[in-house]
Amino acid sequence: MRIAIVGAGGIGCIYGAGFAKAGAEVIFIARGAHLAALRANGLRIEGDRGAAVLDTVQATADPASIGVVDYAIFCVKLWDVESAGAAIKPIVGPRTAVIPQQNGVDAHERLMPILGRYAMMAGTAWVTGSIVAPGVVRQTGTYQRLIYGELDGSMSARGRRLAEMCAAGGFDGEFEPDVMVPIWEKFLSIVPLSSV
């Protein structure tokens with residue numbers, strides 16, 4: 001299974017390390033000093049769930065160089081959704097699932113005109129992490145959930161396979177039949193906190 005982490009920052013690197021632990025081929029799409037450190041030294045995750053070290057990782061700034069993937073875990077900032085979506089078109093094949101992990105409720109809708117409806121799932125991240133040094137991510141808290149679902153509510157084979165991969169990686173993959181419910185629940189929980 002090939003998984004691209006699109007936006008390999010604090011959130012994406014944590015998920016990517018879990019998928020690598022499960023045996024997936026993980027490609028981190030990153031930039032700048034963080035990308036250089038990933039290439040030179042690998043990835044280190046530290047924090048409340050313990051440490052994980054990947055001595056070598058595949059990392060690039062050019063999505064077009066990696067070929068088609070099975071899953072693209074889409075972890076860029078909300079303001080980069082359209083530009084990053086256009087950049088990953090070469091990695092999206094006829095069976096690729098793209099799973100947005102942004103805060104907010106409409107990333108999947110914004111990506112559909114760029115990547116097509118079939119490629120899109122919807123989702124939201126329940127994990128907290130940040131880059132504390134190039135190539136080093138600190139995870140805060142012990143929770144780690146990847147919440148996602150098909151837009152038509154079907155319990156697809158690709159969704160079930162991803163849940164199995166999450167479990168093998170040591171974190172919760174919650175494949176939801178009505179994924180917009182947890183997306184809105186998260187949005188409603190963070191809006192007052194973000195305002196404060």
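Which residues is I73 in contact with, leaving aside its neighbours within four places in sequence? Contact here means heavy atoms within 4.5 Å, and the list for I73 is I3, A4, I5, V6, Y15, F19, I99, Q101 and L146.

Before I go on, some ground rules. This is a predicted model, where local features need pLDDT of at least 70, side-chain atom pairs count only at pLDDT 80 or more, and totals for chains, interfaces and linings use all residues. Residues are numbered from 1 along each chain as its sequence is written, and side-chain values use heavy atoms, with hydrogens and water left out.

Now the core. A nonpolar core is a set of buried Ala, Val, Leu, Ile, Met, Phe, Trp, Tyr and Cys residues joined through side-chain atoms within 4.5 Å. Buried means under 20% relative accessible area, exposed over 50%, and partly exposed in between, with a 1.4 Å probe and protein chains only. The largest core has 36 residues, and F19, F28, L43, I73 and L146 touch the most other members. Helix α1, residues 10–21, gives the most to this core, with 5 residues; helices are DSSP runs of H or I, at least four residues, and strands are runs of E, at least two, numbered from the N terminus. A second, separate core of 20 residues includes I27, I66, A84 and A119.

Next, the cysteines. Counting a disulfide as a pair of cysteine sulfur atoms within 2.5 Å, the total is 0. For C13, the nearest cysteine sulfur is that of C75, 9.1 Å away. C13 counts as buried because its relative accessibility is 0%.

Last, M1 lies in the segment before β1, residues 2–6, and counts as partly exposed because its relative accessibility is 35%.
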